[in-house]
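Opened a new model today. I wanted to look at how the inside is packed and what sits around the ligand.

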Amino acid sequence: MTRLQGLAASRGTALGRARVRLPHVQDVGEKRITAAAVEQELERLHRATDAARAEMRELRTRLQGALPAEVGEFLDLHAMLLDDPELLSALDELVRSKRYSASHALRVQRDRLAQVFEGMEDAYLKSRLDDLDHVIGRIHSFLHKRTTTVKGLAGEILVCENVAPSELAQLQSQGVVGIISSAGSVLSHSAILARSLHMPLVVGASAVLQKVSDGDVLIVDGASGEIVLDPGPADLRQYRARQRELAREQRELGRLRGKPTRTVDGVEITLLANAESAEDVLQAHALGARGLGLYRTEFLFLQRNQLPNEDEQFRIYRDTVLGMSGRPVTIRTLDLGADKADRTGLVMGSEENPALGLRGVRLSLAKPKVSDTQLRAILRASGYGPVRILIPMLTTREEIMAVRRRLSRLAALLRNEGHEVADNIQVGAMIEVPAAAFALDTFIDQVDFLSIGTNDLVQYLLAADRNNEAVSELYSPLHPAVLRLLAHVIDTAQRNETPVAVCGEIAGDARMTAMLLALGLTEFSLHPGTLLEVRRAIRALDLGTLRGQAAQLLAARDRRGIERWIAGTALD
Ligand code: PEP
Ligand code: MG
């Protein structure tokens with residue numbers, strides 16, 4: 001039994017067999033086998049090489065004639081590499097004499113050959129390294145292909161370098177019960193989506209690809225970040241106990257359904273829901289969310305090669321509005337970019353620094369046709385119930401004015417075409433760019449409401465990428481600058497009588513609830529999966545006392561000081 005530690009990204013525990021997905025160039029660590037296992041390992045290796053060779057031949061025959069010459073050439077080169085006696089005998093040798101696992105032997109041989117390729121003068125030959133990696137990658141994937149008849153991924157835990165938001169739903173429908181990635185961060189969009197799908201996820205488990213092999217039995221705990229490889233009887237017992245505990249907690253929380261979200265001193269707090277799927281909408285409704293505070297529309301644009309047209313978007317927005325039966329639905333316009341890169345070609349794939357690039361409202365203004373299609377669909381949905389429009393990544397007053405102008409023009413056009421469009425649809429801004437937060441008073445007259453996107457605000461304020469595990473320590477809302485900026489935005493909004501919510505992940509983290517209330521926040525928009533926990537926290541807190549302690553919180557000089565303040569409120 002071995003224990004590995006990663007970062008807790010999405011709660012829930014899972015027990016299952018590992019399905020390892022190696023990155024293109026495999027970074028497998030040294031793994032030795034016993035003398036008795038050598039023949040079996042060689043057999044696995046040969047079977048995998050044969051399978052890769054057969055695949056290559058089949059591809060060559062299937063594409064015969066339809067191939068441009070250079071593609072044929074590289075297929076030939078791949079076939080040649082797969083038949084190269086030097087490559088094959090060297091692999092056997094590494095398994096036989098060094099007792100390397102087949103995967104590790106592949107890695108070592110790849111590195112040896114890579115050195116030869118890299119030392120070549122000829123740029124063309126040098127570039128053949130990619131072909132070598134491809135061939136080695138194919139052998140690898142056959143090596144890890146299950147020989148049993150298990151179909152799909154049912155009951156398995158995916159172990160990979162990274163998981164894209166666009167593949168999560170599909171993995172779940174294929175039966176994956178948990179995911180562990182060696183890279184990634186807790187506030188990435190994949191993590192957000194995993195929480196929304198209730199898929200246990202541990203990220204940043206740096207050693208996992210080296211330590212875990214296909215078929216290993218694992219326990220993954222998405223709440224603590226712990227991974228147990230080859231669990232023993234005590235671990236299995238603990239796993240079952242944890243499952244029971246989670247079920248009990250769910251039952252207990254279930255009693256808070258339909259209960260008011262009121263502090264001890266009787267102040268009503270508004271809980272809105274973040275949603276990105278029909279299931280989220282159902283759950284938000286069932287748990288008594290007062291509306292949707294953030295409907296992320298970009299998830300409609302992922303996992304497909306073509307942009308959704310106006311009618312398709314309209315139907316989804318309309319059904320969301322109907323699903324909330326009269327409670328307000330805040331639809332955020334497309335926020336593609338950065339780590340949410342799509343397949344439709346809408347997002348620039350080659351930006352050096354996508355987090356600072358053409359994303360959010362910038363992309364919408366740069367692609368007026370795409371944006372108009374979406375705005376028309378949202379405006380049409382407003383005929384079916386209360387809709388608010390939320391603009392992501394706002395930086396300047398000009399941007400919000402440009403969106404407003406478009407909206408007025410489109411609403412008039414739609415009415416002319418005979419559509420029902422609500423009057424005075426509220427338009428709000430996401431506050432996630434520090435410039436917008438500091439200069440809020442310069443455009444607050446142009447917005448009807450505000451929603452603070454702390455996920456991005458923290459990354460831009462602290463210059464720490466939300467997806468980069470190397471700076472995950474630094475990427476934290478518990479920095480005095482973050483708290484002061486939050487206080488400034490909440491205060492400015494309240495002085496201007498503009499409703500303000502927080503819709504970043506901290507809104508759904510019950511450990512942060514006291515802090516947010518102390519800063520003056522009375523509206524939270526959070527994932528429905530966390531709604532009852534936050535409601536429970538609010539019902540145990542006294543707003544007057546917390547507000548009285550705000551100055552002390554804002555005077556904290558470092559993370560430890562802020563954590564001490566939070567711990568103090570938990571003791572009250
Ligand atoms: C945020 O940035 O806090 C936010 C809610 O938006 P997203 O996570 O979709 O970027
Ligand atoms: Mg954001």
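My notes on the core and the ligand site follow.

**Entry 1, the core.** I kept in mind that this is a predicted model. I looked up the largest nonpolar core, which has 114 residues, and asked which of them touch the most other members. Ile179 and Phe524 came out on top. Helix α18, residues 480-495, is the biggest contributor to this core, giving 8 residues. I then checked the domains: domain 1 (2-19 + 152-162 + 172-252) and domain 3 (256-571) each supply residues, so the core lies between them.

I went back to Phe524 and listed its contacts, skipping neighbours within four places in sequence. Ile269, Thr270, Leu271 and Leu272 are on the list, along with Val502, Ala507, Thr513, Leu516, Leu517 and Val534.

Which residues come nearest to ligand 1? Of the 16 around it, I noted Arg296, Arg332, Gly453, Asn455 and Arg466. For Arg296, I got 2.8 Å between a side-chain N or O atom and a ligand oxygen. Arg332 also puts a polar side-chain atom 2.8 Å from an oxygen of ligand 1. Gly453 uses a polar backbone atom, 3.3 Å from a ligand oxygen. How much of ligand 1 does the protein cover? I got 100% of the 290 Å² of accessible area that the ligand has on its own.

I sorted the shell by element: α8 (189-197), β10 (292-296) and α17 (454-462) give two or more residues. The largest share, 3 residues, is from α17.

Definitions and conventions: Residues are numbered from 1 along each chain as its sequence is written. Chains are lettered from A and ligands numbered from 1 in the order in which they are written. This is a predicted model: local features need pLDDT of at least 70, side-chain atom pairs count only at pLDDT 80 or more; totals for chains, interfaces and linings use all residues. Side-chain values use heavy atoms; hydrogens and water are left out. A nonpolar core is a set of buried Ala, Val, Leu, Ile, Met, Phe, Trp, Tyr and Cys residues joined through side-chain atoms within 4.5 Å. Buried means under 20% relative accessible area, exposed over 50%, partly exposed in between (1.4 Å probe, protein chains only). Helices (H or I, at least four residues) and strands (E, at least two) are DSSP runs, numbered from the N terminus. Domain bounds come from an automatic or database domain assignment. Contact means heavy atoms within 4.5 Å. A residue is near a molecule or strand if one of its heavy atoms lies within 4 Å of it. A polar contact is a pair of N or O atoms within 3.5 Å; within protein, one must be able to donate a hydrogen and the other to accept it, and residues adjacent in sequence count only if both atoms are side-chain atoms. Accessible areas come from the Shrake-Rupley method with a 1.4 Å probe; for residues, only the protein chains shown count as cover.
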